[in-house]
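Work through the exercises below with the sequence and the 3D view side by side, and try each task before you read its solution.

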Amino acid sequence: MGRAVTVATCALNQWALDFDGNLERILRSIEIAKHKGARYRLGPELEICGYGCSDHYYESDTHLHSFQVLAKLLESPAAQDIICDVGMPIMHRNIRYSCRVIFLNKHVEEYFLPRMIQEVTGQETVPFGDAVLATKDTCLGTEICEELWAPSSPHIEMGLDGVEIFTNSSGSHHVLQKAYIRVDLVNSATAKNGGIYILANQKGCDGDRLYYDGCAMISVNGHTVAQGSQFSLDDVEVVVATLDLEDVRTYRAEISSRNLLGSKVNPYPRVKVNFALSCSDEICVSTSEPIQWRYHSPEEEICLGPACWLWDYLRRSKQAGFLLPLSGGTDSSATACIVYSMCHQVCLAVKNGNQGVLTDVRKIVNEDTYTPEVPQEFCRRIFTTCYMASENSSQDTRDRAKFLAEQIGSYHINLNIDVAVKAVVGIFSIVMGKSPQFRVSGGSSRENLALQNVQARLRMVLAYLFAQLSLWARGMPGGLLVLGSANVDESLRGYLTKYDCSSADLNPIGGISKTDLKSFIQYCIENFQLTALRSILSAPPTAELEPLADGQVSQIDEVDMGMTYAELSIYGKLRKVAKAGPYSMFCKLINMWKEICSPREVASKVKHFFRMYSVNRHKMTTLTPAYHAENYSPDDNRFDLRPFLYNSAWSWQFRCIDKQVANLESKEAKPLCEDVD
């Protein structure tokens, strides 16, 4: 009886609708799995067409081309003598499904196959539905992605029915510290019921705001035995483990409650396969031992995840690099550090022999013999930073931006926008016969805000002009992608100008809180020795859009917003993650902040937040595509579907808050009754 089985799981950097590239990466993973001795290979969810196809799943072309790729896989010599488990969309009875297609030596096991597949396999139909695979030596059952996270996961019933190997093909995207939950779920799946769990996942940016963070893994009886990387520039990663089936059987034998439950379970249909995962000469085969999962800190995840996401976007968009308006503040500096981290990862991958990365680098810089060795040197070739000064800019921020650019190696530009600002305001004055003034010069709030917005929006126009033509002026080919740098808290509050420098092609920090960005800046000081960041980290955040006072900054972001960044992070989590409206948020915060705020003060803060949030919600409809890193992202495109025209008075909700405040204050005002002897 076979005991030792060798199985493989994958993390593939697939790309939506890139059928040629997806096929090549699938075949490469199969070849690596076979080379490492695996008899079963698992791939990510919807790996044939790519996970992020969105509405393209409704197109018949997507299904047609997926079957065409499947036919190529069935015909390939690489896919022989190994059970291949691939993911693709299939329509059955006019319903579209995300399916696993499992095949062995051109023979797939009552779905009517397209003619192109019939010609390859000689079959007209295959079973379709929820079944398990019975080989000569074991039984395999499959879950798809979110089923692992469900309250009643299929692996529970399958395990009770005798399934020994569970597989999960995922399209699981990165969120800060999500790996802890994912790993715990996989290990818990087999700790209670015994078994082997194999998880495959997508990796990289496949065309939208998400980054899929790999973490392919294999677990047995509650312990991880094989771990894939979470962030890497490798397009194909295969993780292999050899495991003893008898370990599963003896583990289960001791769980008496499982024996009782297993006798009552409804059996799964079994598809029999004349194939064994184990080999006859297995006496000397060593099995994989448990390992300790290596987790990244939040700062490491911010350093690596957005950097890998930017690299995929850069190479697949076929642009020549990035341009960033660098203000000398925390947010734009954090964005610059992420680009520097990307350059660091690229140099490291090339040093380690990643030929695919080297090929992409040479295409980007348009030089066939170039090899990046030092991050700063590569950074200068592909990264342009630009400090756009005005009469309201301080020398401190100018110097901080210049110093950081020197340390990371970017090609740095200093320019002044005052001429453009005066020209635009001058046009208005000529047409309307009035000249707006800043508040310090006697202007109204409307004038003050409009003059700030003119500066901010002109910076966006100039950013795109320099992105298109700066390389041309330097005698270099190509154009640059413009990077934005508004953090998730500012977007939630609406503390940004619509169509200013927050409007860009990409925003690598748009899903990250100010608090986490400050921790990331400190991480870069310590790990990249970017000493220029010390003064940036200690400086108060400022937009520098209002006149200076004796050469010093007079405008502070938190004062302008009427709330701190720490408070904004709390509001964001309560609004989105805890699903709290104004009244529920107030009820939670009067307890959270009872040591520092009275109920009336809490009510005032909550009302101010919801007024500002609702008044500015329209800005989310034009938010730059941002790396998704936090569950409380206000991104209107996918993660936070809400109105963008609110009744910002919140009259009913705020009356409920006022009533509760009055009740609490009346209770505090009543004198305590003394005991009567």
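Predicted model: local features only at pLDDT ≥ 70, side-chain atom pairs only at ≥ 80, totals over all residues.

**Exercise 1.** Find how far helix 2 reaches from its first C-alpha to its last, and state which of its residues are buried.

Solution. Begin with the limits of the helix: helix 2 covers residues 60-75, which is 16 residues. Next compare the spans, for the helix reaches 23 Å from its first C-alpha to its last, close to the 22 Å expected at 1.5 Å a residue. Finally, list the buried residues of helix 2, which are Thr62, His63, Ser66, Phe67, Val69, Leu70, Ala71, Leu73 and Leu74.

**Exercise 2.** Describe how helix 9 packs with helix 16, giving the angle and the distance between their axes.

Solution. Helix 9 (residues 330-351) and helix 16 (residues 514-528) pack at an angle of about 50 degrees, and their axes are 10 Å apart. Because of that angle, helix 9 is oblique to helix 16. The crossing of helix 9 past helix 16 is left-handed. By class, nine nonpolar, four polar and three charged residues make up the contact of helix 9 with helix 16. Among the residues that meet are Cys337 and Tyr340 in helix 9, and Phe520 and Cys524 in helix 16.

**Exercise 3.** Decide whether asparagine 448 is buried or exposed, and name its contacts beyond its neighbours within four places in sequence.

Solution. First locate asparagine 448, which lies in helix 14 (residues 445-473). Its relative accessible area is 2%, and the cut-off for buried is under 20%, so asparagine 448 is buried. Once neighbours within four places in sequence are left aside, asparagine 448 is in contact with Gln437, Phe438, Arg439 and Glu546.

Notes: Residues numbered from 1 in each chain as written. Heavy atoms only, no water. Helix = DSSP H or I, 4+ residues; strand = E, 2+ residues; numbered from the N terminus. Expected span 1.5 Å × (residues − 1). Buried < 20%, exposed > 50% of the residue type's maximum accessible area, 1.4 Å probe, protein only. Axes fitted to C-alpha atoms, helices over the stretch in contact; angles between N-to-C directions. Parallel < 35°, antiparallel > 145°, perpendicular 65-115°, else oblique. Left-handed = near helix turned anticlockwise from the far one by under 90°. Contact = heavy atoms within 4.5 Å. Nonpolar A, V, L, I, M, F, W, Y, C, P; charged D, E, K, R; others polar.
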